[in-house]
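Here's a quick look at how the chains of this assembly meet. Have the viewer open as you read.

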Amino acid sequence: MPKRSADLVHYAVLAVVFLIALAVPFVFGTLSILGSMTVFLLLLSWSISWRQGDKVSSDGKPDRSSWLFWAMAGVIAIVIPIIAGTPFLLATMVAFFIYLTWNTMWGLVLGTAGLQSFATVAVAGIAGYAAAYMTIDIANSNAAAAGAECSGNRLLGLPVVDWWLAIPIAAVVGLVVGFLISLPAIRLRGIYFALLTIGLVELCRAYTGQDKCNLGGAQGLFGASSFIPSEMMGSATGYRYAYAAAVLLAIVTLLIYWKVNYGRLGLLLRTARESEPVAEVLGVDVVRARMWVFLISSSMLGVAGGFYVSYYKSISPNFFNFSTVLLLFAMVVIGGLNSPRGILIGTMLLMFVDRRFVDVSPPEARFIFIGLLLLVVTLLASGGLVSVPDQLRHRLMSKGKRGSGPSAGLPEEVGAIAQEANMPPGSRPGTG
Amino acid sequence: MTPVLEIKGLEAGYGPLRVLHGIDLTVAEGERVGILGLNGHGKTTMLRAIVDLVDWRQGEILYDGESIMKAPTFALARRGVVLMPQGDALFPGLSVKDNLDSGAYPGGSWRKRKERRDYVCEIFPRLSERLNQVVGTLSGGERRMCSIGRGLMSEARLYLVDEPSLGLGPGIAKGICDTLMTLDLQGGALLIAEQNRPLIDGKIDRAFRMHGGELTPDTGEDGGH
Amino acid sequence: MTGVIVTTINLTAIYALVALGISLTWAGLGFLNMSAGVMYAGAAYGAWLVSTEISTNVVVVLLGGILTGIVFGALVCLTVFLPLDGKPNWEIRTITATLALSFVGVNIYQWKFGPQFKQFEPLFSWLPQFRLGDALVKSTVTGTVIATAVVVTIVLIYIGSSRIGLGVRALTQSAEGAALVGINRRTAAFAILGVSGAFVGLAAVLLGQTFFVEPNSGYVPLIKGLIVALLGGLGSLRGAVIAAFMVALCEALTLQYFGGAWVLITLFLLISIVLIIRPRGVAGVLETTRA
């Protein structure tokens, strides 16, 4: 049984890599576990895609063997607080899970639906501000500071609430903002929509920086109600508690992603992404499908925004900085925005790089490195890091030379030929 | 003498789709060769495969005895292989004059563009009246004239003409085909794909039939299954 | 009121420059150059270095900015266009690559030049100031308008009459047609990004007369250039000029009657309204052929 033994060798190698990855934090410090696990998960993902071959596309249905990937991801999530549970690493991981939530939901819009929205930061930030506003009595505390300029009244006489009410409110705010953003998406295409959403983020930054009375101006809002009970605050237990909550958030997010991306809605969205006219002919209500994906992702973005505020207890206009947009965007695309594996790996990788080199001098070096990394991956890998095996296989299998000319649409006759074609076995796999 | 064009075992297609299943063809200097056959059998793909406008291709194509399998489209145009494509591929926002001049883009022709333009206007007098008009506003027949005229702007050695009659009224189609067939090839060669047999019958040196991605010598009967 | 007109004309000139660069790149090469902001800041630093190290002569400084812009354009061509041309997932990868490039660029500026503001010596102080109605037309405004007019005219004549220029124009219309007549997309790409860099570089020097230069100073021109290019309809040069005027007028009116804090908000409203009425911008028809 050569295949059987090849399998055994294969799993043995992966197991060894995993053990090495586990040992790394004992040598290089706790933070390095994030890096070593990124490498392990990337290798695992590559081996799964490579062995799976062309049976299922990386974009289509959930691949049969990907359970191993997610099982290992779960194991890693459990193992980390046990073997590397320092407050610093746990805090990093909480931030990681919040980013993962945002990125996964962004991936749904950017990848599955193919809508070039940059509004993720705006939705999360607006919801975060809403959550902060609901738990902080800024009007009273600011009226004294800002003098007669501010009225001292809360907008609409809203009551001050606790975090457990503020997070659902953030979700609703996210939903509403998502709905509003989905309206222009019906008419605007591609780049135009990208610009409008970048503009929205910029608008949020400008506005939150201006409004001293309600949103605290450039300092932002601080002192929000935290979900960590006050007696645990700052203690190791408090960090574990936050870690568990963040893991829960990420699991819910991934389940939502799974349900949408591999469900009916995902299929409709992908059809519409590939060809809108075809989707319409097939009876897909493109507008409705796109609206749904915005509503679903935005409410989850809102939840994560509320979670962010409740964890950090503050939010400021810097949240809307273009560098935040860029960092999140880099996380989404560097791993591969068409699969949850890619988004997970990309987020882990950049989170690790960002934190690992945080005190490197000059401080710009870290960003230059991240930017170069993103550039190199973008230029070399067609669909992010996780797509490398598919790309390699295509290159190995394509016997014929690829046309280097500008492939501007197919000539008309191809449609007719495709209809009666008996696709010859062993012909080149599709490029789509 | 080396033929202008020699195709050996050419296969080509788009993505997983194989359109051409091994084409062999030789075109000698001064020859006019016709490819007949119904729509959807690979005539267009064959012409496009010669100038590397397909997704993938394999086999061998020799131009003046040299392999051109590695040459990109623009380089072939500079070496004198001119495709007058289906759908014309003109520049709709530019004037007729600019469109014609673009045909003289390959190095040596650029300086002679005024003479060549006069030559094209002689062949298609309709164009000379519309030199400053934007191509997007022309009629179908005028656009075809412009597309063919653009192909004549450089001194090409191999003309590839794809369905010059497509979408035109019978009168204009005949006029355009007659013009093409009486061109002075100056030692070059012409390969024309046409569905409408009577338009080129008797004006070409040899004819082939394209059926299901395979090329067979023409038997004289009209196409069909 | 004449104050508004003067501001509008000044801003129109500068926004049109940046937007022309972005629009031309889109039409000819099919990608949105998100690194235009970094090209802008780079050209501003280049011109600033020229003015401090070499000469403060107007022509020299302007040429310094334009040439640095051209170098940056060539750099974008080498690092983004050439490696990605004809590759899958073109649209998202070009956006990502140009964004990455701008991320790298801004941080390099921060590192090399520090966050301090750099200021140009006034370039146009030798031009006379004059009054137009109740507004004072500063020499900078006059200089901006003249310099823009001269450079844009030279470039338009070049593009309109030269062989390379015809290649560039052909490429903006049909990629397949361009290949069929022998136009090498990759060579033309250098011309397109070079012209685009020259425009952006000129805008950087001109706007540097009013605003300071700092590592992030390209961000606002990028956003406004994008707004103008999209508003005008990507690929339409005439549309870009009309849109530049609209945006400049909107900005000048807002500045005059509401104050600087409102500029972004009214601008955002303006683009929302225009794009909802005309989703492809004022004159955008080319997108259908490229998309």
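What follows walks through two interfaces, one after the other.

This is a predicted model, where local features need pLDDT of at least 70, side-chain atom pairs count only at pLDDT 80 or more, and totals for chains, interfaces and linings use all residues. Residues are numbered from 1 along each chain as its sequence is written, chains are lettered from A and ligands numbered from 1 in the order in which they are written, and side-chain values use heavy atoms, with hydrogens and water left out.

| Interface | Buried area | Carbon and sulfur share |
|---|---|---|
| chain A and chain C | about 4200 Å² | 78% |
| chain C and chain B | about 1900 Å² | 66% |

Buried area here is the accessible area (1.4 Å probe) that two parts lose on being put together, summed over both.

Start with chain A and chain C. A:Ile191, A:Tyr192 and A:Leu195 supply 18% of what chain A buries there, more than any other three residues.

Now chain C and chain B. In terms of contact (heavy atoms within 4.5 Å), 19 residues of chain C meet 24 residues of chain B. C:Arg163, C:Leu180 and C:Val181 give 36% of the area that chain C buries against chain B, more than any other three residues. This time the salt bridge count is 2. One of them pairs B:Arg48 with C:Glu176, with the closest N and O atoms 3.1 Å apart.

Conventions: A salt bridge is a side-chain nitrogen of Lys or Arg within 4 Å of a carboxyl oxygen of Asp or Glu.
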